[in-house]
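Student: I have this one open and would like to talk through a few parts of it. Can we start with the strands and then move on?

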Amino acid sequence: KVSAAPDIATLSFGVATGRQSSAKAAIALVTKSMTAIIAAVKKEGVEDKDIATQSFWLSPVYDYGNGTQVPRGFEANQTLSVKVRDLDKVGDVLAVATNAGANQAGGVVFAIDNSDALKAQVRSAAIEKAKAKAEVLARSLSMQLGLIREFSEDGNNPMPRPMMSMEYNKGSADTSLPVPSGEQEIVSTVTLIYELR
């Protein structure tokens, strides 16, 4: 395994309207808040390609009494997934999003955006270790390694670390939030099966 600092963070935040008088009112509130949130995160350097809708729903709200349903309006919820490529800006992006109207936030996940080179490095090291162990075992049996008959690999994926799951009230974050990124581990486990001779 190898440890490396992540270079990207994916944030999840959104807007829950609560009960509104109509579907139109609920959608209008989500639209207004999301427009402000998207504009705010773009000012922090987030590009359009890194902003995506994660979920959206609109549903009626009812009160229940005496075995009957009484319609009481609608509520809506929209959640965004935002990739932040400058980790120094993660706290700032969360802060401006909540100040712009996001009242739900969480699921900050750090990752290594392009980990192919590290994966290859870890795989190569795992193969060398496996080969060395096989040679020791063969010598202890007074034999030599022949051809490799089977090879398999498990793992070799960065382990993303979700860092927080919180709900905010509008305007609760006036300054950048501290969000340490730590390190990621890339692990490769290989199995080599040799002939002995």
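Student: Which residue in E4 is the bridge partner of Ser55?
Tutor: This is a predicted model, and in it Ser55 has Thr79 of E4 as its bridge partner.

Student: And in what sense do E3 and E4 pair, and over how many bridges?
Tutor: Strand E3, covering residues 51-65, pairs with strand E4, covering residues 68-84, in the antiparallel sense, and the pairing extends over 13 bridges.

Student: What about the hairpin, which residue takes a positive phi there?
Tutor: That is Asn66, with a phi near 55°, in a hairpin that has two residues between strands E3 and E4.

Student: Switching to helices, at what angle do H1 and H2 cross?
Tutor: The axes of H1 (residues 23-43) and H2 (residues 90-100) come within 8 Å and cross at roughly 155°. Angles over 145 degrees count as roughly antiparallel, and H1 and H2 are therefore roughly antiparallel to each other. The crossing of H1 past H2 is right-handed.

Student: Which residues meet there?
Tutor: From H1 there are Ser33, Ala36, Ile37, Ala40 and Val41, and these meet Val93, Val96, Ala97 and Ala100 of H2. By type, the residues of this contact comprise eight nonpolar and one polar, with no charged residue.

Student: Last topic, confidence: which elements have the lowest and the highest mean pLDDT?
Tutor: Among the elements of the protein, strand E8 (residues 165-166) has the lowest mean, 38, while H1 has the highest, 95.

Terms used
Residues numbered from 1 in each chain as written. Predicted model: local features only at pLDDT ≥ 70, side-chain atom pairs only at ≥ 80, totals over all residues. Heavy atoms only, no water. Axes fitted to C-alpha atoms, helices over the stretch in contact; angles between N-to-C directions. Helix = DSSP H or I, 4+ residues; strand = E, 2+ residues; numbered from the N terminus. Parallel < 35°, antiparallel > 145°, perpendicular 65-115°, else oblique. Left-handed = near helix turned anticlockwise from the far one by under 90°. Contact = heavy atoms within 4.5 Å. Nonpolar A, V, L, I, M, F, W, Y, C, P; charged D, E, K, R; others polar. Pairing = 2+ DSSP bridges. pLDDT = per-residue confidence, 0-100.
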